[in-house]
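This report describes selected packing and side-chain features of one protein chain. The sequence and structure are shown below.

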Amino acid sequence: MTITLYGIPNCDTVKRARQWLDAAGLAYQFHDFKKAGVPAPELQRWLAELGWEKVINRSGTSWRKLDDGQKAAVIDAASAAAIAHEQPSVIKRPVVQWADGRLSIGFNEALFDAHR
């Protein structure tokens with residue numbers, strides 16, 4: 001299994017994660033939410049394993065741009081999945097599926113080192 005990094009290319013956190021993977025010499029596939037969309041089966045897995053509260057970035061710019069009704073409607077995994085498909089930028093980035101199948105979300109060196 002290959003490492004898959006999900007995100008958007010202009011996100012600074014995604015850029016740092018990609019630089020780390022490149023520097024570590026780890027091969028990976030990049031899945032661009034903007035071009036390829038959010039894959040439904042993977043999103044369901046992220047929500048189940050990581051929790052919708054962790055997957056949806058409620059402190060980011062994309063979340064703040066939502067109207068109050070959209071924000072208030074996100075109350076569980078199903079409503080989180082709906083907003084993530086509609087507005088992929090609300091997903092915390094990057095989501096990484098590691099070669100061993102484990103998942104992580106966000107980036108810091110210690111987190112990535114633990115998955116190496």
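## Val55 and the nonpolar core

Setting aside residues up to four places away in sequence, Val55 touches Leu43, Trp46, Leu47, Leu50, Val90, Ile91, Lys92 and Ile105. The model discussed here is a predicted one. Val55 also belongs to the largest nonpolar core, a set of 35 residues, where Leu21, Leu43, Trp46, Val55, Ile56, Ile91 and Phe112 are the residues that touch the most other members. Two or more residues of this core come from each of strand E1 (3-7), helix H1 (12-23), H3, helix H4 (52-55), helix H7 (77-86), strand E3 (95-97) and strand E4 (103-105). In soluble globular proteins, nonpolar side chains tend to be buried together.

Which residues of H3 are buried? They are Leu43, Trp46, Leu47 and Leu50. Viewed down the helix axis, the buried residues of H3 fall within an arc of 100 degrees, and they therefore line one face of the helix. Leu43, Trp46, Leu47 and Leu50 are also among the residues that Val55 touches. The cover over the buried residues of H3 includes E1, helix H2 (33-36), H4, H7, E3 and E4.

On the face of H3 turned away from the buried side are the exposed residues Pro41 and Ala48. Just after H3, Gly51 adopts a positive phi of about 90 degrees. Most residues other than glycine have a negative phi, and most peptide bonds are trans.

## Salt bridges

Two salt bridges are found in a search of the whole structure. One of them joins Arg45 and Glu49, with the closest N and O atoms 2.7 Å apart. Because Arg45 and Glu49 are four residues apart in helix H3 (residues 40-50), about one helical turn separates them. Arg45 has a relative accessibility of 25% and so counts as partly exposed.

The side chains of Asp100 and Arg102 form a salt bridge as well, at 2.6 Å from N to O. Arg102 is likewise classed as partly exposed, because its relative accessibility is 36%. Side chains of opposite charge can pair when their charged atoms come close.

## Aromatic pairs and a charge over a ring

A search of the whole structure finds five aromatic pairs. In one of them, the ring centres of Trp20 and Phe112 are 5.3 Å apart and the planes stand at 85 degrees, so the pair is edge-to-face. This pair links distant parts of the chain, with Trp20 in helix H1 and Phe112 in helix H8 (residues 109-115), 92 residues apart. Trp20 and Phe112 are both buried.

The rings of Trp98 and Phe112 also form an edge-to-face pair, because their planes lie at 85 degrees, with the centres 5.0 Å apart. Trp98 lies in the loop between E3 and E4 and Phe112 in helix H8, so this pair ties together parts that are 14 residues apart in sequence. Trp98, like Phe112, is buried. Ring pairs link Trp20, Trp98, Phe107 and Phe112 into a cluster. A pair of aromatic rings is described by the distance of the centres and the angle of the planes.

An aromatic ring also takes part in a charge contact: the charged end of Arg18 sits over the ring of Phe30, 4.0 Å from its centre.

## Further local features

Ala77 lies in helix H7 and, with a relative accessibility of 32%, counts as partly exposed. Where does Ala77 make contact beyond its neighbours within four places in sequence? Its contacts there are Leu47 and Trp52. Ala77 and Trp52 are 25 residues apart in sequence, and their C-alpha atoms are 5.3 Å apart in space. Leu47 is one of the buried residues of H3.

Thr4 is found in strand E1 and is buried, with a relative accessible area of 11%. Not counting residues up to four places away in sequence, Thr4 touches Gln29, His31, Val95, Val96 and Gln97.

Arg93 and Pro94 are joined by a cis peptide bond, with omega about -10 degrees. Pro94 is located in the loop between H7 and E3.

Methods: Residues are numbered from 1 along each chain as its sequence is written. This is a predicted model: local features need pLDDT of at least 70, side-chain atom pairs count only at pLDDT 80 or more; totals for chains, interfaces and linings use all residues. Side-chain values use heavy atoms; hydrogens and water are left out. A salt bridge is a side-chain nitrogen of Lys or Arg within 4 Å of a carboxyl oxygen of Asp or Glu. Buried means under 20% relative accessible area, exposed over 50%, partly exposed in between (1.4 Å probe, protein chains only). A nonpolar core is a set of buried Ala, Val, Leu, Ile, Met, Phe, Trp, Tyr and Cys residues joined through side-chain atoms within 4.5 Å. Contact means heavy atoms within 4.5 Å. The arc is that of the directions from the helix axis to the C-beta atoms. Rings of Phe, Tyr and Trp (its six-membered ring) pair if their centres lie within 6.5 Å; planes under 30 degrees apart count as stacked, over 60 as edge-to-face and the rest as tilted. A charge sits over a ring if NZ of Lys or CZ of Arg is within 6 Å of the ring centre and within 35 degrees of the ring normal.
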